[in-house]
Amino acid sequence: MRIEPVEILVQRQDRTERKIIPIGSVAGARFSSRDVAGMRKELDAALARGESGTKTNPAIFHIGRYLLTQSSEFEVQGPLTGGEAEIVAIRDGNEILITTGSDQCDRELDPLFQDKPKQMCPHPIAKTAWPYSEVRGHWDRLRISSEVTVGGHVMPLQDSAASALVDLEYLLAMEDVQSLVLPSILYCGSVSFLDSVAQAIRDHSLPEETSHGVGDSFLARLHDPVLDRTIEHRYRAVPVGDDLAERR
């Protein structure tokens, strides 16, 4: 199968270079809270109630390589797909690069399945990255944030330090991550949405699905406050249409 490589602008502290990286595998981490034991209790309780969950956490899921995109606009099946900004790790040979992307997901299917909603949407990734070696020492101070634009209103969705999630060393030590075909693209898990989102939706009379990252455009942002640099990727998911209106 022919899978197009990604072109990454690597911003090093002393120089910038372009790299063409073939895609060996794409995967994501779910339930990747830094409080691993606390998350395990939540998942066990959900499983006991007959709800969906995983028996391990963090849990690694695979994403079709063809779904990876650096485009600023792409098509999705229906209007209820939304994003979540995440740190993305690119393992290329002996080097690891860090960037941001969005775990775009079909929100209508999300309550029913764990993996299938991920396969329904392209997965955006930014065009710029940093060497992991340059941020490893202050990993927990990196900040991941996102915002969605709906009808001209910009809604902040996420804003959290990376300390809310297990660090990259934890993920890299996992057998499921070590077994990924290289070069690999790993979405490192999503931080929680802001508590203010629900009230802002009511204040501005926005659609309920805005709380799931659904809107006219989505911005994922990774900020390094120590080296004072930022990576952003803005994209627009264009629905090709489905029977949502009829079903409602």
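Both Tyr132 and Trp139 are buried, where buried means under 20% relative accessible area, with a 1.4 Å probe and protein chains only. The model is predicted, so local features need pLDDT of at least 70 and side-chain atom pairs count only at pLDDT 80 or more, while totals for chains, interfaces and linings use all residues. Residues are numbered from 1 along each chain as its sequence is written, and side-chain values use heavy atoms, with hydrogens and water left out.

**Aromatic pairs**

- Searching the whole structure gives three aromatic pairs; rings of Phe, Tyr and Trp (its six-membered ring) pair if their centres lie within 6.5 Å, and planes under 30 degrees apart count as stacked, over 60 as edge-to-face and the rest as tilted.
- One of them is the stacked pair of Phe74 and Tyr235, at 5.3 Å centre to centre with 25° between the planes.
- This pair links distant parts of the chain, 161 residues apart: Phe74 is in strand β6 (residues 73–76) and Tyr235 in strand β17 (residues 229–239). Strands are DSSP runs (E, at least two residues) and helices are runs of H or I (at least four), numbered from the N terminus.
- Phe74 and Tyr235 are buried.
- The ring centres of Tyr132 and Trp139 are 5.6 Å apart with planes at 85°, so this pair is edge-to-face.
- Phe74, Phe218 and Tyr235 make up one aromatic cluster.

**Cysteines**

- The whole structure has zero disulfides, a disulfide being a pair of cysteine sulfur atoms within 2.5 Å.
- The cysteine sulfur closest to that of Cys121 is in Cys105, 6.3 Å away, which is too far for a bond.
- Cys188 is in no disulfide either, and its nearest cysteine sulfur, that of Cys105, is 18 Å away.
- Cys121 is buried at 0% relative accessibility, and Cys188 is buried with a relative accessible area of 4%.

**Largest pocket**

- The largest pocket holds about 950 Å³ of space. On a 1 Å grid over the protein atoms alone, a pocket is an open set of points where a 1.4 Å probe fits, with protein on both sides within 12 Å along at least five of seven lines; lining residues have an atom within 4 Å of a point.
- Its lining has 29 residues, and Arg30, Phe31, Glu84, Asp110 and Ser190 are the closest to the centre.
- α1 gives the most to this lining, with three residues.

**Second largest pocket**

- The second largest pocket has a volume of about 240 Å³.
- Among its 22 lining residues, Pro79, Val214, Gly215, Asp216 and Ala237 lie nearest the centre.
- β17 gives the most to this lining, with five residues.

Definitions and conventions: Buried means under 20% relative accessible area, exposed over 50%, partly exposed in between (1.4 Å probe, protein chains only). Grid points are joined across faces, edges and corners, and a volume is the space filled by probe spheres set on the points.
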